[in-house]
Amino acid sequence: WAVLLLVHLLLLYFVVTRRSRSKNDPPLDKGLIPWLGHALEFGQDAAKFLSRMKRKHGDIFTVRAAGRYVTVLLDPHSYDPVIHNQDSLDFHRYAQVLMERIFLLQLPNYQPDKEKAVMKQHFLGKNLSALNSTVSKHMHNLLKTEMPQNQKDWKEDGLFNLSYSLLFKVGYLTLFAGEQSSDSSHLAVVYEEFKKFDGLLTKLARGTLKSADEKKTAQSVRQRLWRLLAPAALTGGLGSTPWLDGYRQVLKEEGADDEMQARALLLQLWATQGNVGPAAFWLLGYLLTNPEALAAVKTEMEALRLPPLDSSVSTPVLDSALDETLRLTAAPFITREVLQDTPLHMADGQQFVLRKGDRLCLFPLISPQMDPEIYQEPQKYKFNRFLNEDGSVKKDFYKGGKRLKYYNMPWGAGLNGCMGKEVAITTLKQFTYMILTQYDLELCNPRAQIPAVDVSRYGYGMVQPEGDLLVRYKPKK
Ligand code: HEM
């Protein structure tokens, strides 16, 4: 029996590890564990794992992870053909896998193009300035209630908590709940539940929730959020917004019942609100821990007129400080499913074929964003990295002597890049402006450093800190 079992196990091993590299394939690294391959190391700290693979194999390689083969491309000069090849490299299939895994969302008649059209209508073009004004109004009102002007003494808080809670509420009011719902206890409940959900997000995405307790928490927090976002809860007196009405209409056309609509809204709550708060934390955190940067930003702000700080207001110093923040802390994977064998011509002349059924993954954090060939001392925060000596915006960055089209990619790229980029930038600038001009804000410990990154979040948009940065604030006299 033992021998038979061993033979079966060996056969199984050969079946599941059968794939070998053919001449058109990128270097193949299956890892030692059958089926699982590199999944654990990949999930624990993607930046560390992929940097190790890059040192071993170069700018392109295929790794096995949990039964899937993922080709990772890390040469920004070669990103363009991949980002624009929508026929063979599909964005939506993997997005649907995550929709189901994280949000338990299945749309009977999913129509991504229609969904996109609604986002475009409300987040870009002529409606953008109305959206920016709504953001500005909610931010102003929330600052008044959450950080009141009559507060006399210093108040302490974690900067991450302060930034995330305030901007989440601003975004939730702007896109989901509308005017009627600025009831602060409702806002606090939605935020608290969302934070719990956000804490489990990467485990949900990877299917690595461990204990029964964790699984139960994930399910109950999702259910509470679905209830809070259910059509009846939002329209029944709590309010709505133009974007939400448009999006709901598409959901109905997609055949989503009330339950699925609530699940879809949780997905949108995460897509639209999961990144801005963390980005504001890193921006203010880097400014507070770099006095020269803070002074330069404040000097620029003194000359500004009143908000909203949309793209018509020139703020090159703040823009550069923000771009530098995002360079260090925006870490999305750009993932595509390979629908058919697809030739890939690398900028350096190498040619490969991407295999049908594999997944392709770009990880711009490693290159361009943290690439020492492009940025000197890439780990260091330099607020003026995106400024020329004459104070104009710097857009020319080079790798291998060739100018880069993609030198910073916090928003992804191409047709599936971030639809909310403009409103996100205005929100971040506005928030920084209001906090720095209306409040005295300082580190509780003047020698405190920016916290380390929670490395398990690489791949899912903005990273978050391990712990928080303690600050104190009071309204300016
Ligand atoms: C700092 C803040 C933000 C960052 C760093 C960010 C980043 C990104 C990235 C990298 C993607 C592409 C994802 C992919 O390729 O899989 C994306 C997609 C998207 N973002 Fe953002 N985002 C931010 C804020 C926002 C905001 C405020 C909104 C809405 C108001 C928004 C709406 C969207 C939408 C709708 C998509 C999906 C586009 C599609 O399906 O093709 N984002 N975002």
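**Entry 1: the ligand shell**

I began with the residues around the ligand and sorted them by class: 15 are nonpolar, 7 polar and 1 charged. For this sorting, Ala, Val, Leu, Ile, Met, Phe, Trp, Tyr, Cys and Pro count as nonpolar, Asp, Glu, Lys and Arg as charged, and the others, Gly among them, as polar.

I noted that the model is a predicted one, in which local features need pLDDT of at least 70 and side-chain atom pairs count only at pLDDT 80 or more, while totals for chains, interfaces and linings use all residues. Residues are numbered from 1 along each chain as its sequence is written.

I then asked which of the 23 residues around the ligand come nearest. They are Thr 272, Asn 275, Gly 412, Cys 418 and Gly 420. A residue is near a molecule if its C-beta atom, placed from the backbone, lies within 6 Å of it.

At least two shell residues come from each of helix H6 (112-123), helix H13 (258-273), helix H14 (276-288) and helix H18 (421-438). H6 gives the most, with 3 residues. Helices (H or I, at least four residues) and strands (E, at least two) are DSSP runs, numbered from the N terminus.

**Entry 2: the annotated positions**

I looked up the UniProt record, an unreviewed entry, which places the feature "binding site" at Arg 101, Leu 107, Asn 275 and Arg 359. These positions span 259 residues in sequence, and their farthest two C-alpha atoms are 24.6 Å apart, so they do not all gather at one spot. UniProt positions follow the numbering used here, feature names are shortened, and annotations may be inferred rather than shown by experiment.

The cut-offs are 20 or more other C-beta atoms within 10 Å for buried, 12 or fewer for exposed, and in between for partly exposed, with C-beta atoms placed from the backbone. Arg 101 lies in helix H5 (residues 92-103). Apart from neighbours within four places in sequence, Arg 101 is in contact (C-beta atoms, placed from the backbone, within 7 Å) with Leu 204, Ala 205 and Gly 207.

Arg 359, in strand S9 (residues 359-362), has 21 C-beta neighbours inside 10 Å and therefore counts as buried. Leaving aside neighbours within four places in sequence, its contacts include Arg 68, Tyr 94 and Glu 337.

**Entry 3: the whole chain**

I found 18 helices and 13 strands in the chain. Buried residues make up 38% of its 477 residues.

Technical notes:
Contact = placed C-beta atoms within 7 Å.
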